[in-house]
Amino acid sequence: MEILKITQKLCLSCMEVHYVKEVAAMEKSSFKNEAVEFKAIYEYCSNTEEYTETEEMIKINDLSMKDAYRKKMNLLTSSDILRIREKYGASQKDFSDILGWGKATITRYENHQVQDMAHDDILRKLDSDPNWFLHLLKRAKDRLSEKAYNKYLEHAKEIYNKQRNAYLINSIYAIYAELEDDETITGGIKLDLNKVVEVINYLAQKVENLHKVKLMKMLWYSDVLNYKRTGMPITGLVYRALPLGAVPEGYEQIVLLDGVCYDEVLYDDNIAYKFRPAKGFKINILTDDEIATIDDIIDKFGEMNTEEIVLTMHNEAAYKCTDRNCIIPYKFAEKLTIA
């Protein structure tokens, strides 16, 4: 028996006012033909040596017993369901409406009723897939107030973006895990995605027309020039020699990272990606020397169009001496056309 607290009050057992202990004890019971063990809460009277339950304790102990059953059957507990609902900031009624269930279903699951396996699977999917919640939310739009719908929509988008960003980060670092031991291609430093995002934002802030191909080349030039000057690149990116020049490994994921912003611009029948700085962007990581290096790259290439910077890249020894689709070693930094 564990004593939780002692309070002077009217004892329900002996009907006298005295110090009553609130205690926790392990109990055994059966629910749906399954034996379960759970922690129950009681009031203990030292005068009668009896345990009693208040109305609130009866509810708590019933839920504790059913949660023990849920754990045994590998179902979400009531607190798990509450956490998932609160994750999306939804009320019990609205959450049930979004799921297309009875209006009181979630209330019952959080308080006294054990969900079936089908509903449990749906709740687990919602927990792991905010994009699916967005799908269900849009389907339930007519059943919600406009204020509630917009609130849940923004909340779910924020969760989705955070989860997507974590996935992107993990996938990029997974690519670089196989490359980081080779200093000839990493420049001797590990990839720093925070710095990558900061460099992209700084370039986007300083260069008026920064499209994807041009961005990739300016990243390479910034890293290689800094390596030439200091013996270390800025970002830790590894670059591959593709037909249009140097491109960092994982570039497709990098441009989707949180903090990297671009607009889709239609040129003739083609869509181009024009990068812009994130709202409120400030330099936090880049050193003064690194900024000076990037500024030199901006002075050199900032006014060039994509074709001009690609042509310049093609004339670099690093590109000429690296087979197509192969990784470019940093050893060619000494032959870079920029001092």
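In this predicted model, helix α7 supplies the largest share of the lining of the second largest pocket, namely three residues. Helix α7 spans residues 146–177. Strand β7 (261–267) also gives at least two residues to this lining. The pocket has a volume of about 170 Å³. Its lining includes Asn 161, Arg 164 and Asn 165. The run from Val 255 to Tyr 262 is also part of the lining: Val 255, Leu 256, Leu 257, Asp 258, Gly 259, Val 260, Cys 261 and Tyr 262. By class, six of the lining residues are nonpolar, three are polar and two are charged.

The largest pocket has a volume of about 240 Å³. Strand β8 contributes the most, with four residues. Among the lining residues are Asn 270, Ile 271, Ala 272 and Tyr 273. His 211, Lys 212, Val 213 and Tyr 267 also line this pocket. So do Asn 305, Thr 306 and Glu 307. The lining holds five nonpolar, four polar and two charged residues.

Aromatic rings were examined next. A pair of aromatic rings is described by the distance between the centres and the angle between the planes. The count comes to eleven aromatic pairs. One of them joins Tyr 221 and Phe 301. Their ring centres are 4.3 Å apart, and their planes meet at 35 degrees. Planes under 30 degrees apart count as stacked and those over 60 as edge-to-face, with the rest tilted. The pair is therefore tilted, given its angle of 35 degrees. Tyr 221 belongs to helix α10, and Phe 301 belongs to helix α12 (residues 288–301). The two residues are 80 residues apart, and the pair links distant parts of the chain. Both Tyr 221 and Phe 301 are buried.

Tyr 227 and Tyr 330 form another tilted pair. Here the distance is 5.0 Å centre to centre, with 45 degrees between the planes. Tyr 227 lies in helix α10, while Tyr 330 lies in the segment after α14 (317–320). The pair therefore ties together parts that are 103 residues apart in sequence. How are its two members covered, buried or partly exposed? Tyr 227 is partly exposed, because its relative accessibility is 24% and the buried class ends under 20%. Tyr 330 has a relative accessible area of 4%, so Tyr 330 is buried. Elsewhere, ring pairs link Tyr 42, Tyr 44 and Tyr 51 into a cluster.

Charged side chains also sit over rings. Lys 125 lies over the face of Trp 132, at 5.3 Å from the ring centre. The charged end of Arg 324 is placed over the ring of Tyr 319, 3.9 Å from its centre.

Helix α3 (residues 92–99) is mostly covered. Of its eight residues, six are buried. These are Asp 94, Phe 95, Ser 96, Asp 97, Ile 98 and Leu 99. Several helices take part in the covering of these residues. They include α2 (78–87), α4 (105–111), α5 (117–128), α6 (130–139) and α7. Gly 100 follows α3. The phi of Gly 100 is positive, near 80 degrees.

Key:
Residues are numbered from 1 along each chain as its sequence is written. This is a predicted model: local features need pLDDT of at least 70, side-chain atom pairs count only at pLDDT 80 or more; totals for chains, interfaces and linings use all residues. Side-chain values use heavy atoms; hydrogens and water are left out. On a 1 Å grid over the protein atoms alone, a cavity is a set of points where a 1.4 Å probe fits but cannot get out, and a pocket is an open set with protein on both sides within 12 Å along at least five of seven lines; lining residues have an atom within 4 Å of a point. Grid points are joined across faces, edges and corners, and a volume is the space filled by probe spheres set on the points. Ala, Val, Leu, Ile, Met, Phe, Trp, Tyr, Cys and Pro count as nonpolar, Asp, Glu, Lys and Arg as charged, and the others, Gly among them, as polar. Rings of Phe, Tyr and Trp (its six-membered ring) pair if their centres lie within 6.5 Å; planes under 30 degrees apart count as stacked, over 60 as edge-to-face and the rest as tilted. Buried means under 20% relative accessible area, exposed over 50%, partly exposed in between (1.4 Å probe, protein chains only). A charge sits over a ring if NZ of Lys or CZ of Arg is within 6 Å of the ring centre and within 35 degrees of the ring normal. Contact means heavy atoms within 4.5 Å.
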